[in-house]
Amino acid sequence: MAQEIRKLAPKALWNFFADINAIPRASKKEEQIIAHMVAFGKTLNLETKVDAAQNVLIKKRATKGMEHRKTLVLQAHLDMVHQKNENSHFDFDSQGIVMQISEGWVHAKETTLGADNGIGVAAIMSVLASTKLEHPPIEALFTVDEETGMTGAMGLEKGALSGTILLNLDSEDDDEISIGCAGGVDITASGSYAEKPSWSESIAYEISVNGLQGGHSGMDIHKGLGNANKIMNRLLWESHQNFDLAISKIRGGNLRNAIPRECKAIVVLKKELQNTFEHTFLSLSNHISKEFQTLENNLCIALKTTKVPEKVMEKVAQKKLLFSVYGCHDGVFRRNPTLPNLVETSNNLARIIVENGTIEIASLCRSFSESDKKNMTNSIQSIFELAGFHVDISGDYPGWEPNTTTEILDILKRIYQKMFATTPKIQACHAGLECGILGRHYPDMEMISFGPTIRGAHSPDEKVNIASTQKFWSYLTTILKNIPEK
C-alpha cells in the first residue's frame, strides 16, 4: 500500500512521508531519522547541522527576487508516538509503519500513523527539495523528543536561528490557525510494597479493560473519553471493598500524552467467593459500559480465570494505592473563564505499573495558566504523598501566550480568506506545541501553527485527510510567496 500512498498529490510530500515512515522514530530513539535528515540535506547541497540537543537545522537560500524578504523558520518535530493495538505483533524498533488508504484518509494498520508530525516534516522537506517554489530565505528546524519532554526545543542552541517568523506545522485542523498552546508538566508517583503469599484456597482472575478510543491527551481531553486506568481502578476498588480481593499485578497505559486505552490486572480472592464475585463484577461492568455507551461503544471489560500467582500485595499498601488513584483527578480540571470552549487545565492519568513490589503512576498535567498548572500539580502531589509515594515533578515546559496582533497572522488570515472564501478559526490549543519554548529563546519572533486535518493522534486510530493535506500544501506554498520584506 505504500506505493499507493506515493501516488497521491502532492506527490513530493507523500513520497517524503512514506520515506520517513519507513524509519523507526520513537521519542528518544531518533538516531535513524536524524541520520536520514542529515543525508537528505547534504544530498541537496544545503547547509546542514545537528546541534548538541540532536535537532537538525537545514538552511536554504531565497529564490531569485525573494532575497530581501524576512528569513522564515519552518519547524516540525521528527519523533512520533509509538502506540499499537493490544494484540498487534508490530515491532516499532525494526518495522516501518504499514500505511493504508480508506475513504479519503491515510491511516496505519493497527498502529499510530505518524502524521503527527510526519506530514509537517514531509512538507518542509518538499520545500527544501523543490526547484520551482518561490520562497524567502528558509531555516528548517527539525526538533527531537517533542512527544516526551520537548528536550530538543529546550536544548536549541542560542543563536541557532536568525529568522523573525516561525511557522510550526504541527496543528491538526485545516480550518484553524493556532496562536497559543498549553504548557505541561510530568508527575510521577513511585513506591514499593511488601508482598504476601496468596491464600491456599484461592482463585485468580485476569481483568482486562480495552477497546477504548484513547487519543491525544491534550486535543481530546475535553471529550470525556474513557481512561482504562481509572476504569480498572474503579473495578478493583469495589472488589477490594466487597471481597477482600488481593492484587498481584496491574499494567495500564503507556505514554503520558496518550489517553490510556487498555489496562490489565491479575487479582486473587478466596475460592468460596467465586460465584458472588463474578456476579457482582458483571453487574458493575455493565453499569460502567452503560455509562460510556454513547462515547465508547467498543469498551470491553473482561474477566477470566488464570493461574494463581505466588504473591500478592500487602493489604495496607493495596488500600493506599487504590484510594490514591481513585482520588487522582483525570480529565478537564478547569475551563478558561473567558473562553469557556477552551480547556484551561487538565490531567491525564497515563500509566500505572504495579508488579514485583514496585509501583509507578505517571500523569501529564497541561494548562495555559502557570499558576493553575501548579495548582493541579500540587493537588496530585498531595494525594500521592499522603499515601506514602515519592512524587517526582519533571519536564515542565511553558505555554505559548496568544498574540493576535502580529503581522504574519494578518497575512495568513488574508491568504486563507482569498484562497478558500471563508475566515479561518483563530485558536489556542490545549496540546503542547514547541512554540512556547522556542518563544523563550526568541521572544521577538512571530509564530503561527497550522496543519492538515488529523484525527486520533497518539492512538492506533490516527489518520490524516488526503484532501486536507492537499489544501494545507497549497496554503503553505502560497504563504511562502507572501512573506513580507525585511
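Where is the place of Arg 256? I found Arg 256 in the loop between strand E12 (246–252) and strand E13 (263–270), taking helices (H or I, at least four residues) and strands (E, at least two) as DSSP runs numbered from the N terminus.

Before going further I noted that this is a predicted model, in which local features need pLDDT of at least 70 and side-chain atom pairs count only at pLDDT 80 or more, while totals for chains, interfaces and linings use all residues. Residues are numbered from 1 along each chain as its sequence is written, and side-chain values use heavy atoms, with hydrogens and water left out.

**Arg 256**

I looked up the accessibility of Arg 256 and got 18% relative accessibility, so Arg 256 counts as buried (buried is under 20% relative accessible area, exposed over 50%, partly exposed in between, with a 1.4 Å probe and protein chains only). A polar atom of its side chain lies 3.2 Å from the backbone oxygen of Ile 187; I take a polar contact as a pair of N or O atoms within 3.5 Å, where within protein one must be able to donate a hydrogen and the other to accept it, and residues adjacent in sequence count only if both atoms are side-chain atoms. Leaving aside neighbours within four places in sequence, I listed the residues in contact with Arg 256 (heavy atoms within 4.5 Å), among them Asp 186, Thr 188, Ser 217, Asn 348 and Arg 351.

**Helix H6**

I then checked helix H6 (residues 228–243), whose 16 residues reach 22 Å from the first C-alpha to the last, close to the 22 Å expected at 1.5 Å a residue (the expected span is 1.5 Å times one less than the number of residues). The buried residues of H6 include Ile 231, Leu 235, Trp 237 and Phe 243. At the start of H6, a side-chain oxygen of Asn 227 comes to within 2.8 Å of the backbone nitrogen of Asn 229, and after H6 comes Asp 244, with a positive phi near 55°.

**Strand E2**

Four of the five residues of strand E2 (residues 56–60) are buried, so E2 is largely enclosed by the rest of the structure. I found E2 paired in the antiparallel sense with strand E1 (residues 47–50) over four bridges, and with strand E6 (residues 138–143), also antiparallel, over five bridges; two strands pair if DSSP finds at least two bridges between them. Thr 48 stands opposite Ile 58 in E2, and Lys 59 stands opposite Glu 139 in E6. In the hairpin of E1 and E2, with five residues between the strands, Gln 54 takes a positive phi near 80°.

**Salt bridges**

In one of them Lys 28 meets Asp 145, with the closest N and O atoms 2.8 Å apart. Lys 28 lies in the loop between helix H2 (11–21) and helix H3 (31–43) and Asp 145 in the loop between E6 and helix H5 (151–154), so the pair ties together parts that are 117 residues apart in sequence. Lys 28 counts as exposed at 52% relative accessibility, whereas Asp 145 is buried at 2%.

**Cysteines**

My search of the whole structure for disulfides (pairs of cysteine sulfur atoms within 2.5 Å) gave zero. The sulfur of Cys 300 is 13 Å from the closest cysteine sulfur, in Cys 263, too far for a bond.

Methods. Salt bridge = Lys/Arg side-chain N within 4 Å of Asp/Glu carboxyl O.
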